[in-house]
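Hi everyone, thanks for coming.

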Amino acid sequence: MTFTLLIGCRPCGLGLWSVWVDVAGWGLAEAAAQGLAAARGWFGTLSVILSFPFIFNPCLGCTENTPEWVGLIYFIPFIIIFQFGWAATQISHLALIPELAKNDHDKVELTAFRYAFTVMANIAVYAVAWLLLHFQVGQTDPGDTEHLGRQDIPIFRTLSLIMIGLGIVFSLIFHVGTKEKQNSFEHLVNSEDTDAESIADQLNSSPPKPLLLWYRWLLEPSFYQMAFLYMCTRLIVNLSQTYIAVFLTNSLNLPKNYIATIPLVMYVSGFVSSFLMKPVNKLIGRNLTYFIGLLAIAAFSAWVALDPDLGVAVYGAAVILGSGSATILVTSLSMTADLIGSYSHSAAFVYGAMSFTDKVANGLAVVIIQSLHPCHTQMCCPACTPFYHWVMVAVTGGVAFVAALSLSSIMIWPIKIRFCTISPSSIQDSSWVSDPAINSPESEPVNS
């Protein structure tokens, strides 16, 4: 958001394209999820590496007088590649949680650790950004150091290159050091060198996990309950992070170094909160933990609504927002892992579907918000001061209210598989192993 304003592109156009790109990226990642896990991970990583530096650089040959549509056309291909890669990387990484976790508490712990390291990465981004902005002081005119402008584009370019370098290092560590075991049932069925009798013997020696084919998730009410709750969670987290920078600079009129320090405070508080998730979830359960996170989000929204001139008190509000965001995000991901349960065979589809709702909702939300922007002739005018103030109130408190309604439905109708399961014993006793039409829907024994 901040960088698009610096280079002179309104986020509305890029946000609209992001909606369709995210949908396509989700579909491509889910298609890859059907048996190409390792290749999917490398594909996603390479796509992000190749596209990310271009997104955070002005278009080559563009000037201040270049029409906005030229920059839009320039950035679209890089956004497409990045979103494809990010979707593939995100889904494949999340799909490992149900595979590695042995019980519900392990799912919370793995999700919390994953979020903690995500926060550490974000802290690194804002720490480097703060250092770059800090060392800029004294090298430019005093008037240029207080507010963001095109003079800050080199800072964002340097920041993106530093982060992509660190990302390459840790991606190599993950891909080289993580050995993913292949699904035993899929491996045996797809093997051309193993006969039916040896397959049956191996299946009998180690009972396979229960199966729930990806399209059968669409018949489960809990699937839609969880998708809607996760969508609300991501709307709160992503939109608050998207608009916090313009809220600080345009609504609160704070110096531009606050766009680094305030998100840093949010992430640090979220990092600390993530380590409390396992004991808190174990003590009071998923639903109450999520509700406590919503209360924190609502408290932040009320504070911002009642005090338009927060000043330095924004640090306290940032702590509340960061803690609440971490709580609802970790808990919603843990609830998604609970929904998947032992059906890890189709975990990538479930996480892909959650990502689908998240991306579409966030893209449309940005488009709607920017279409309501009161300044149509310049990036910001006096009318945008209250605009971004109420945007922050709406994307936190307003969405939190909708999330509370969704949580209520889950408390009334708990998340569980109600209709469609495939029994492992039915698979072994049926003609699945030897039948050439193994993928035919008519040959699938289903237990209600």
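Let's begin with a definition: the expected span of a helix is 1.5 Å times one less than its number of residues. Helices here are DSSP runs of H or I with at least four residues, and strands are runs of E with at least two, numbered from the N terminus. This is a predicted model, where local features need pLDDT of at least 70 and side-chain atom pairs count only at pLDDT 80 or more, while totals for chains, interfaces and linings use all residues. Residues are numbered from 1 along each chain as its sequence is written, and side-chain values use heavy atoms, leaving out hydrogens and water.

Now take helix α11, residues 258–274: its 17 residues should span 24 Å, and its end C-alpha atoms are 24 Å apart, which agrees. Of those 17 residues, 12 are buried (under 20% relative accessible area; exposed is over 50%, partly exposed in between, with a 1.4 Å probe and protein chains only). Among them are Tyr258, Pro263 and Met266.

On to the rings. Rings of Phe, Tyr and Trp (its six-membered ring) pair if their centres lie within 6.5 Å; planes under 30 degrees apart are stacked, over 60 edge-to-face, and the rest tilted. That rule gives 13 aromatic pairs. Phe52 and Phe82 are a tilted pair, because their planes are at 40°, with centres 5.8 Å apart. Phe52 sits in helix α3 and Phe82 in helix α4, 30 residues apart, and both are buried.

What about Phe223 and Tyr224? Their planes are at 85° and their centres 5.4 Å apart, so this pair is edge-to-face. Phe223 is buried at 5% relative accessibility, whereas Tyr224, at 46%, is partly exposed.
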